[in-house]
Amino acid sequence: MSPILEQKPAIPGNWRSLSDLPDDRLVELARERNMLAFEALMRRHNRRLFRVTRSVLRDADNAQDAVQETYLRAFTRLDTYQPTGKFGAWISRVALNEALMIRRRQRGDTIPLDEVGEDALTTEESAVSDAPTADQFVEAAHARALLEHAIDTLPDNFRTVFMLRAVEGLDVRETAECLDINAATVRTRLFRAQRLLRTELSRRLQGESTEIFDFGAERCDRVVAHVLSSLER
């Protein structure tokens, strides 16, 4: 079986030589089967996709699997991609759908995330009653784990919006585009997510947000290697 992708020497060097190119240009090169462009796109969007899938699956290994499957689905179908919006938003929606499919297989859940009613997703305040106290934040080594635990207690819709807005740093429009919902819904879900997280926890999050559910270099390399290896088969 011939490889799906062949590296084209259109631009010499490694993926870093393409890191300054915009997504649209990288997609054009990827359509020409330029492996370096594929890698540059993956490394650029890995962390966001990991955080999106992690927000649904609440498990790092499952989230990594979802990210890998997202790239395999997307990159083998780039000819069908219509750049009507940002590539980052498009690939984020693919990742979200992949995570939802994995969750349905695991839990037998057939209710799409966007179709679940707000009331059904709202938890009682007691759901986070055992959230860490201010004194527990004294140990800096535990701060990240405490923050991640608190975020995991959020309802699915709130957690995904919170991850994109507060952790990943997307604005309302970008978040709405990624999740295919309207801006008002983004604002409402973010407000409710912040209300469920204690004030002290939210303040602490401002200083720790760049490290939450971080997509470390080793995990990033594993995803890239797996996807590239699969595409070359």
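Q: What makes up the secondary structure of the chain?
A: Helices do: the chain comes to 11 helices and zero strands. From the N terminus on, the elements run α-α-α-α-α-α-α-α-α-α-α.

Q: How do you know where to be careful with this model, going by pLDDT?
A: Look at pLDDT, the predictor's confidence in each residue, from 0 to 100. The mean for the chain is 76, and 70% of its residues reach 70 or more. Over residues 1–12, though, the pLDDT is below 50, and this stretch has 30 contacts in the model beyond near neighbours in sequence. Residues 110–141 also stay under 50, and the model has 47 contacts for them beyond four places in sequence. Where pLDDT is low, the predicted coordinates should not be read in detail.

Q: Why are Phe38 and Phe75 called an edge-to-face aromatic pair?
A: Two numbers settle that. Their ring centres lie 4.7 Å apart, and the cut-off for a pair is within 6.5 Å. Their planes are 70° apart, and over 60 counts as edge-to-face. So Phe38 and Phe75 pair up, and the pair is edge-to-face.

Q: What makes this a link between distant parts of the chain?
A: Phe38 sits in helix α2 (residues 35–57) and Phe75 in helix α3 (residues 60–75), which puts them 37 residues apart.

Q: Why do Phe38 and Phe75 count as buried?
A: Buried means under 20% relative accessible area. Phe38 comes in at 0%, so that one is buried. Phe75 has 2%, so that one is buried too.

Q: Is Glu39 buried or exposed, and how do you know?
A: Glu39, also found in helix α2, has a relative accessible area of 13%. The limit is under 20%, so Glu39 is buried. Leaving out residues up to four places away in sequence, Glu39 touches Trp15, Val224 and Leu228.

Q: Why is Ala217 called exposed?
A: Ala217 has 58% relative accessibility, so Ala217 counts as exposed. You'll find Ala217 in helix α11 (residues 217–231). Ala217 and Arg43 are 174 residues apart in sequence, yet their C-alpha atoms are 9.5 Å apart in space.

Q: What makes helix α7 largely enclosed by the rest of the structure?
A: Of the 12 residues of α7, 10 are buried, so the helix is largely enclosed. Among them are Phe158, Arg159, Phe162 and Val167. Across the chain, buried residues make up 47% of the 233 residues.

Q: How do you know that the length of α7 is close to what is expected?
A: Helix α7 (residues 156–167) reaches 15 Å from its first C-alpha to its last, close to the 16 Å expected at 1.5 Å a residue. After α7 comes Gly169, with a positive phi near 85°.

Q: Why are α8 and α9 called roughly perpendicular?
A: The axes of α8 (residues 172–179) and α9 (residues 183–196) cross at roughly 105° and come within 8 Å. Angles of 65 to 115 degrees count as roughly perpendicular, so that is the label for α8 and α9. Where they meet, Val172, Thr175 and Ala176 in α8 face Ala183, Val186 and Arg187 in α9 as contacts.

Technical notes: Residues numbered from 1 in each chain as written. Predicted model: local features only at pLDDT ≥ 70, side-chain atom pairs only at ≥ 80, totals over all residues. Heavy atoms only, no water. Phe/Tyr/Trp six-rings, centres within 6.5 Å; stacked < 30°, edge-to-face > 60°. Helix = DSSP H or I, 4+ residues; strand = E, 2+ residues; numbered from the N terminus. Buried < 20%, exposed > 50% of the residue type's maximum accessible area, 1.4 Å probe, protein only. Contact = heavy atoms within 4.5 Å. Expected span 1.5 Å × (residues − 1). Axes fitted to C-alpha atoms, helices over the stretch in contact; angles between N-to-C directions. Parallel < 35°, antiparallel > 145°, perpendicular 65-115°, else oblique.
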